[in-house]
Amino acid sequence: MSSAMFSFHFVVLLIVFLCVLAQAPKRRFEYKLSFKGPHLVQRDNSVPFWEYFGDALAGDEGIRITPSLRSKKGSVWSKNRLESKGWEIEAGVRVTGRGRIGADGMAIWFTEGRGAASDNQLDNAVFGAADKWKGLGVFLDSFDNDGQHNNPYIMTVVNDGTIAYDHQNLERTMGDGSQQNLGGCLRDFRNKPFPVRVKIEYYNQILTVRVHNGLTNNQNDFEICMSASNVVLPTSGYIGISAATGGLADDHDVLYLLTHSLHDPTVDTSQVSEEERLKFEKEFQQYQDELDKAKQDYQKEHPDQKYEEEGEDQWFQSQNEKEMKQIFDGQNMINNVLREVNRKLDELMGRQEMVISRINSMPVGQGQQGGQVQGGGQQQISGGIQRHEIDRLLNNQNSLLQQLGDLKYTVNDIQQKASSIQNQAGSGGGGVQEKMALHEMKDKISNIGNDVREILNKPQANLQCPPPSSQGCLSSTVFFLALIVQFILTIGYMVYRSNKEAQAKKFY
């Protein structure tokens, strides 16, 4: 029983230990150690935070390390160091050539030293970079130097700065870096439809290289090429990519290079250290001085132009300007709504006068004519409008016109108040007088609502329209009631909008 419990606790502790080790590290993107198109090159043909040498040529979409010409060498190196014990480098490369066999290859570097321009071809003997480096080199070797028919090949080589790479060794059993190879894989990376991606990860002294074969456009279709533990690399170094051609030639292009620093997930890296803070302040002050110097030079070159001192007030609105803008927009909206109401009232009065003129011109008893429908056996429509009913209808319509005239006068008064408030807002005045005018407008609008309700509650005569011969009858009372309801809805919407705007102004 005790042995079983001991085994159970051992398994639990082992699982916990593996879970702790399996925690993914925190990734931090290093933009000064990365580049990616489009618009990669600046006007002076430079790449930000990078420098290229030899036969390398930078373009908008990437950097061509070497063209497909014989005996060419080139490289591109970062200007800044990578200061991290763990990191991840992903490079997208394209190697293309006309021949079935290419040469020589390209390399991805992480070294303490940095490449430089050199006229001597012997100085850059290892795929376009210097020999006896201190750090890591991942080689994409295209040509079979040792005759073992094991190329194209991807290998990793770690050097402490004292060992020369045996790339040109004539002994076939020792050539092509086979004795210095830490690990690798046989992958054909030439003439692929999509870019070949190489991802190098170094964390906790474990080096892993993953390769995307370039046959698909899937971003995550990586295969493990090699993995090695207890690999000791410098804690600080430069990143570079180089390439070289020989008797045979390929185009060696690098489309992008993305660098991430890897940190312990249990350590808080959000706080900036004092050293980094001082470094950032120094860089900011340097950029600010360069900007001021460029402004002064431009002013000297263009003395005829006037310059204004830039300040925060130039780019931000004050509180008074913001309130005046809100008042102006609100009054402009009220003015537009009142104009639309005035137009609809004028149209309503015109239609009312037209209906009254038609009723006055209609002879008495006309509604009784033609009441019998053709075809015996169908129901006859009897009954017409009497003279006293017409007089009552006319009186009601005259009263309605008078009340509508009063409403029109009130609306015109409101429009004048709104125009005065708008003029005050445009001239910079306002304040208490604007609030008093708004309250007065609300009172008049409420009076309009009361008048409209009185019109609706007023009893109407039970009249029947004369049946026309071709179309149905529409009562004038229903017609006016519909228009009055529409007017009430418009006024109510206007009052609702003004209340909302008044409430919104309280927050400013």
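The largest nonpolar core of this predicted model has 42 residues, and those with the most contacts inside the core are Ile63, Trp87, Ile200 and Ile241. A nonpolar core is here a set of buried Ala, Val, Leu, Ile, Met, Phe, Trp, Tyr and Cys residues joined through side-chain atoms within 4.5 Å. Buried means under 20% relative accessible area, exposed over 50%, and partly exposed in between (1.4 Å probe, protein chains only). Strand 8 (residues 86–96) supplies the largest share of this core, five residues. A second, separate core has 14 residues and includes Phe127, Ala129, Tyr153 and Tyr238. Leaving aside neighbours within four places in sequence, Ile63 is in contact (heavy atoms within 4.5 Å) with Phe35, Leu40, Val47, Leu57, Ala58, Val76, His252, Asp253 and Val254.

Residues are numbered from 1 along each chain as its sequence is written. Because the model is predicted, local features need pLDDT of at least 70 and side-chain atom pairs count only at pLDDT 80 or more, whereas totals for chains, interfaces and linings use all residues; side-chain values use heavy atoms, with hydrogens and water left out.

The protein contains seven helices and 17 strands. These elements are DSSP runs numbered from the N terminus, with helices (H or I) of at least four residues and strands (E) of at least two. Of the 508 residues, 35% are buried. Among contacts between residues at least 6 apart in sequence, 71% join residues at least 24 apart. The accessible surface comes to about 31,500 Å², of which 52% belongs to carbon and sulfur atoms; accessible areas come from the Shrake-Rupley method with a 1.4 Å probe, and for residues only the protein chains shown count as cover.

Confidence is given as pLDDT, the predictor's confidence in each residue, from 0 to 100. The average pLDDT of the protein is 77, and 70% of the residues score at least 70. Among the elements, strand 13 (residues 196–203) has the highest mean pLDDT (96) and helix 3 (residues 312–315) the lowest (55). Over residues 170–175 the pLDDT is below 50, and this stretch has 10 contacts in the model beyond near neighbours in sequence. Residues 366–383 also have pLDDT under 50, with 10 contacts beyond four places in sequence. Where pLDDT is low, the predicted coordinates should not be read in detail.

Aromatic rings were examined next. Rings of Phe, Tyr and Trp (its six-membered ring) pair if their centres lie within 6.5 Å; planes under 30 degrees apart count as stacked, over 60 as edge-to-face and the rest as tilted. By this rule there are 11 aromatic pairs. Phe35 and Trp50 form an edge-to-face pair, with 5.0 Å centre to centre and 80 degrees between the planes. Phe35 is in strand 2 (residues 35–36) and Trp50 in strand 3 (residues 50–54), 15 residues apart, and the pair links distant parts of the chain. Phe35 counts as buried because its relative accessible area is 4%, and Trp50 counts as buried because its relative accessibility is 2%. One aromatic cluster is formed by Trp109, Phe127, Trp133, Phe139 and Tyr165.

Strand 1 (residues 26–29) holds Arg28, and strand 17 (residues 251–263) holds His260. The C-alpha atoms of Arg28 and His260 are separated by 5.2 Å, although the two residues are 232 apart along the chain. Arg28 is partly exposed, at 39% relative accessibility, whereas His260 is buried, with a relative accessible area of 14%. Not counting residues up to four places away in sequence, Arg28 touches Thr259, His260, Ser261 and His263. The side chains of His260 and Arg27 are joined by a polar contact of 3.4 Å. A polar contact is a pair of N or O atoms within 3.5 Å; within protein, one must be able to donate a hydrogen and the other to accept it, and residues adjacent in sequence count only if both atoms are side-chain atoms.

Asn151 lies in the loop between strand 10 (134–141) and strand 11 (153–160). This residue is buried, with a relative accessible area of 17%. A polar atom of the Asn151 side chain lies 3.4 Å from the backbone oxygen of Asp141, and the backbone oxygen of Phe143 lies 3.3 Å from a polar atom of the Asn151 side chain.
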